[in-house]
Amino acid sequence: MTATAGQQSTVNICEAQAAGQHHLVSARGLRKTFHENKVLDNVDFDVDSGEVVTIIGRSGSGKSTLLRVIAGLTEPEDGDVCLDGRLVRSKGQRTDEWNAGASLVGMVFQSYTLWPHMNVYDNLTLAPRKVLHMSKSEASDRAAIALKEVGMEEFIKANVSQLSGGQRQRVAIARALMMRPRLILCDEITSALDPPVAAEVLGVLTRLKHEEGLAICLVTHDMAFAAKAADRVVFFSEGVIKVNASPHEAFEECGNAELKSFVDAVRFG
Amino acid sequence: MNNYNFDWALVWGSLPDLMGGLATTIQLAILTIVLAMILAIPLALARMAKIEIVRWAAQGYIEIFRCTPMLVQLFWIFYALPALTGITIPGFWSALIALTANLTAFMAEAYRSGFQSVPVEQVEAGQMLRLSRMQQLRYIIVPQALRQQTPVILSLNISMFKDTALVSTIAVADLMFRSNVIATQSYKALEVFTTAAVIYFVIAFPVSLITSHIERRSLQPPKPKPFKRADASPANPIVPEGVR
Ligand SMILES: Nc1ncnc2c1ncn2[C@@H]1O[C@H](COP(=O)(O)OP(=O)(O)OP(=O)(O)O)[C@@H](O)[C@H]1O
Ligand SMILES: [Mg+2]
């Protein structure tokens, strides 16, 4: 997927897509440079509705930057992004459709980002109340549903400090669900967790994909999850997508020596 | 002082006068603290602004007030500013302006370190939930910053309360000014200034106690008790579908 998609092309990517299959996220020609360090080097990246994509790659290869650009937390120098048929970014700049498109995207972070001065209920309902102007009862109902989806319904009144790491990440997923996203971006959300707890959190994501049709884009070092639960594996290296294939193809049949040595390094430390 | 004849009756007699002064002191302190605590928010934000000129202007302001004596600041506003503008500001208002301008500078630095103590990912999580910049400040950043900086803010306020005594030098009839007048007229400096000291102490000391209590508590956070589930059954295990 390192196509040198014409930046000069006048057809916008959303229109180009309309004819063929419709991706939930479609990014073309993303470029991001930090101090002459090409972190995203003309990256094309798609995610379909209800698809689980895992992004793997060495530290510093640009995985987080890719998620952050799609999320709008980092501004790229160049590239087009189309979210559910809306062109939200053109030649690196946000378009008028940015807000509408970006509301489809939720994110969960590696560090625990629940607001520690609020309880679980307030963490979940703050944005729906203040941004979507939801009524109190509607917000409460939705909070109960979201917590149930992550298996945390008994914890609605708990303080953040009373939750374990895995519980915090599950509540963070529930908080993202409150805004009804179609895509959740997860940046190493399990890397601070013990393997069984990590598996539980990843299980929540898999279930959301199956039950809610949620698309999930997950940066991870968990090769077992990448191999079994992902629909697609993307291997990133030096700001370029080197492999973009089904887990079977990526791990069993792939001729990419770099991916092989990366997987071996992760497996055998 | 061996044979000094204490004249507490004099102090008793002038107590109403001293209390009148105390009222001015408290009025000035409260107005200053309230104004400074509000004005320090935009100043702290300016101090962290991305635009360099804004940041430098804020930093310049803060350094000017941190690196010059408060007495000079007070005199400058009372005596020098009218020479510049042609407008004479009454003593109380000059005092209020000078003290507020000064406390705002120190308060802004306290706020800034509070703001910076909030992890950036917490703010980004708010951004991803479409909270506006103002909402991020109001609901995520400011409450945590205030909580974290409470001891610093309280001690700044105690200092300011004591420093209001400086305004007696520009004839604002505060507790210190009235004490000075009574002491000069009665030649009973010992009783009068001791009384004044006790009054300042009685107000500042409880706040100081609270401050150190909060500081001690924040140094050793209590172990959070695990949350009791409403339902005692084993945590409903989520069977990972893809992972085994
Ligand atoms: N805000 C920033 N300022 C400067 N350089 C940055 C910034 N963010 C990322 N970088 C650099 O960009 C490169 C890619 O970073 P990125 O975080 O995307 O990598 P990653 O693949 O997520 O790595 P990791 O597995 O360690 O999380 C790194 O060299 C990093 O130092
Ligand atoms: Mg990363």
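Between chain A and chain B, seven residue pairs are in polar contact, both partners at pLDDT 80 or more; a polar contact here is a pair of N or O atoms within 3.5 Å, where within protein one must be able to donate a hydrogen and the other to accept it, and residues adjacent in sequence count only if both atoms are side-chain atoms. On the chain A side, α7(A) gives the most, with seven residues. This is a predicted model, where local features need pLDDT of at least 70, side-chain atom pairs count only at pLDDT 80 or more, and totals for chains, interfaces and linings use all residues. Residues are numbered from 1 along each chain as its sequence is written, and side-chain values use heavy atoms, with hydrogens and water left out.

There's also one salt bridge between the two chains, pairing R68(A) with E124(B) at 2.7 Å between the closest N and O atoms. The cut-off is a side-chain nitrogen of Lys or Arg within 4 Å of a carboxyl oxygen of Asp or Glu.

| Residue | Distance to a ligand 1 oxygen |
|---|---|
| N37(A) | 3.3 Å |
| K63(A) | 2.8 Å |
| T65(A) | 2.5 Å |

On its own, ligand 1 exposes 630 Å², and the protein buries 61% of that (Shrake-Rupley accessible areas, 1.4 Å probe).

Key:
Chains lettered and ligands numbered in written order. Helix = DSSP H or I, 4+ residues; strand = E, 2+ residues; numbered from the N terminus.
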